[in-house]
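Work through the exercises below with the sequence and the model open beside you. Each task is followed by a solution in steps.

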Amino acid sequence: MDPIALAVIGGTGLYRLADLADVETLQPETRFGTPSGPVRVGRLAGHRVAFLARHGEGHSLPPHRINYRANLVALQQIGATRVLALNTVGGITERFGPRVLACPDQLIDYTWGRVSTICEESGTEVIHVDFGEPYTRALRREVIDAAQRANVALVDGGCYGATQGPRLETRAEIARMRRDGCDLVGMTGMPEAALARELGLDYACLAIVANWAAGAGPDPDEVITLQDVLDNVAAASEGLPALLRAL
Ligand code: HPA
């Protein structure tokens, strides 16, 4: 059987890859426990592609309860070496309004209390991976080139700020994140990216902007509703199948 060309981790609003054919369902167990749900492996554009819903297929896991280590190790165990993370986010700066797709190149971690390393258990050798460039450059390049070939608009770059959730942020928190240099805000980008680096997986993020972050849009009093988030994710995701086929 040919190797898995790409593993995709889906975020809020993205629980299946619609055009995955001949799907086989795997239930891997890992040394870190059980992943968020089954891994669906199928064919896409002539390649084997794996898909895992980060929050579970019924969106039952909040961001801080996701077993990020089990998810990544499960994908690694079935032979994946390249992971494309789909992350639903809020937009902070002007290029990142609702329905924009972006491939960020930096991140800031504001999460706390999450197991954020594979060296957690006592007795494991501690590793200090380089994380200056948190996403794999070559995979990011491929994502950006694929978007161009597929004629799908994608912003190249941006800084992803990972917050704890599950609540959304206050306006003051978003104002601080803007001052810090964040363009996007989401709840699941970390520790996933760091764990991928520790595990030696290629990893890039495809961020789907669902809403203006608190106070960031033209109407500072706007209330963010789940329906708006889901509607915008659905609309922004229209270009995804073509982008993934090109990738
Ligand atoms: N903040 C954090 N995470 C998010 C948001 C947001 O505004 N929108 C979608 N995911």
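The model is predicted, so local features need pLDDT of at least 70 and side-chain atom pairs count only at pLDDT 80 or more, whereas totals for chains, interfaces and linings use all residues. Residues are numbered from 1 along each chain as its sequence is written.

**Exercise 1.** Locate the residues that the UniProt annotation "binding site" covers, and state how they lie in space.

Solution. The unreviewed UniProt entry lists Thr 12, Arg 54, His 55 and Thr 188, in the numbering used here, and such annotations may be inferred rather than shown by experiment. They are spread over 177 residues of sequence, yet they cluster in space, with a largest C-alpha distance of 9.8 Å.

**Exercise 2.** Determine whether Thr 12 is buried or exposed, and which residues it touches.

Solution. Begin with its place, the loop between strand S1 (4–10) and strand S2 (21–26), where strands are DSSP runs (E, at least two residues) and helices are runs of H or I (at least four), numbered from the N terminus. Next, count neighbours: Thr 12 is buried because 23 other C-beta atoms lie within 10 Å, the cut-offs being 20 or more for buried, 12 or fewer for exposed and partly exposed in between, with C-beta atoms placed from the backbone. Finally, leaving out residues up to four places away in sequence, Thr 12 touches His 55, His 59, Thr 88 and Val 233, contact meaning C-beta atoms within 7 Å.

**Exercise 3.** Explain why helix H4 (192–199) is described as largely enclosed.

Solution. Six of its eight residues are buried, so the rest of the structure largely encloses H4. These buried residues pack against helix H1 (68–77) and strands S5 (82–91), S7 (106–109) and S11 (202–212).

Note on methods
Two residues are in contact if their C-beta atoms, placed from the backbone, lie within 7 Å.
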